[in-house]
Amino acid sequence: YDKLGAEYQVSPRTIQRWVKGENAPRKPRQTPDDDWPESRQWPADWTIDGLADLKGFNRNAWEGNLGLIEVAQRQGTRYIPWFFRRLVETARRYQMDARNANPWFYAIAAAPVVADWLSEPSFAELGVLIEAKEPWKGKQERKAYLKQAQTLSRRVADGVSRALIVPPPSLDPQYPVTLLLRFLVNWQPAFDRPPLIVRLAQLQIGQLFLLLLRNPKPTYGGTP
């Protein structure tokens, strides 16, 4: 618990709650999940040894990640396995260390997942734009990305704001959904520069997505 807490920068007690599934409805694991696309599910053959090709592979960290994925599958929390799958796919595509990745890479990985969770397609479009413009390469690329991202950024902010009107119940009192959504709306589109409020909370972008996606999908999000 201490190692996982340090990895995600949350308390060991929070990790214990995740593993025990406290405050989360338990649901029988469905294999396969017929009403959830296979491309969103965690592949059965992605075992700890099957992930050893990842750059910067950390066995202890991934054993913890696989534990969180297993818990999420038991509880029917679909977005966590999908987020981790996207993280692995993005890491392999760019040959980067998922633990120390540029925040833009986390945004690429999480974009379609958060877009579905929020019912806000603009978030997925923003991820596509980041991947197309590659703003991490230099000042000119970042400038071009920021200019083109303005409209999408406003739409994403509107989607997050709508979710704040009727937020889902928070499964972790330490990180309520309303707080995480405010962090998210203030973070984008320039994911490389977290706002002051996020820095004070010592929260990394990967942790923000993980904490957010553990919660139920908002009943009132962006565009259906």
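This briefing describes the nonpolar core, the aromatic contacts and selected individual residues of the structure above. The model is a predicted one. Its largest nonpolar core holds 61 residues, and a search of the whole structure finds 14 aromatic pairs. Trp36 takes part in aromatic pairs with Tyr79 and with Trp82.

- In soluble globular proteins, nonpolar side chains tend to be buried together.

**Aromatic pairs of Trp36**

- Among the 14 aromatic pairs, Trp36 and Tyr79 are arranged edge-to-face, at 5.6 Å centre to centre and with 85° between the planes.
- Because Trp36 lies in the loop between α2 (12–20) and α3 while Tyr79 lies in helix α4, this pair ties together parts that are 43 residues apart in sequence.
- Trp36 is buried, with a relative accessible area of 9%, and Tyr79 is likewise buried, at 9% relative accessibility.
- Trp36 and Trp82 also form an edge-to-face pair, with 5.8 Å centre to centre and 85° between the planes.
- Trp82 belongs to helix α4 and Trp36 to the loop between α2 and α3, so this pair ties together parts that are 46 residues apart in sequence.
- Both Trp36 and Trp82 are buried.

**Aromatic cluster and charges over rings**

- One aromatic cluster is formed by Trp42, Trp46, Trp62, Phe83, Phe84, Phe123, Phe191 and Phe209.
- Arg92 lies over the face of Trp46, at 5.0 Å from the ring centre.
- Arg40 lies over the face of Trp36, at 4.8 Å from the ring centre.

**A buried arginine**

- Arg142, a residue of helix α7, has a relative accessible area of 18% and is therefore buried, the cut-off being under 20%.
- Beyond its neighbours within four places in sequence, Arg142 is in contact with Trp104, Pro135, Ala190, Asp192 and Arg193.

**Positive phi angles**

- Most residues other than glycine have a negative phi.
- Gln95, in the loop between α4 and α5, has a positive phi, near 50°.
- Gln202 has a positive phi as well, near 55°, and is placed in the loop between α9 (196–200) and α10.
- Gln202 counts as exposed, at 56% relative accessibility.

Technical notes
Residues numbered from 1 in each chain as written. Predicted model: local features only at pLDDT ≥ 70, side-chain atom pairs only at ≥ 80, totals over all residues. Heavy atoms only, no water. Core = buried A, V, L, I, M, F, W, Y, C linked by side-chain atoms within 4.5 Å. Buried < 20%, exposed > 50% of the residue type's maximum accessible area, 1.4 Å probe, protein only. Helix = DSSP H or I, 4+ residues; strand = E, 2+ residues; numbered from the N terminus. Contact = heavy atoms within 4.5 Å. Phe/Tyr/Trp six-rings, centres within 6.5 Å; stacked < 30°, edge-to-face > 60°. Lys NZ or Arg CZ within 6 Å of the ring centre and 35° of its normal.
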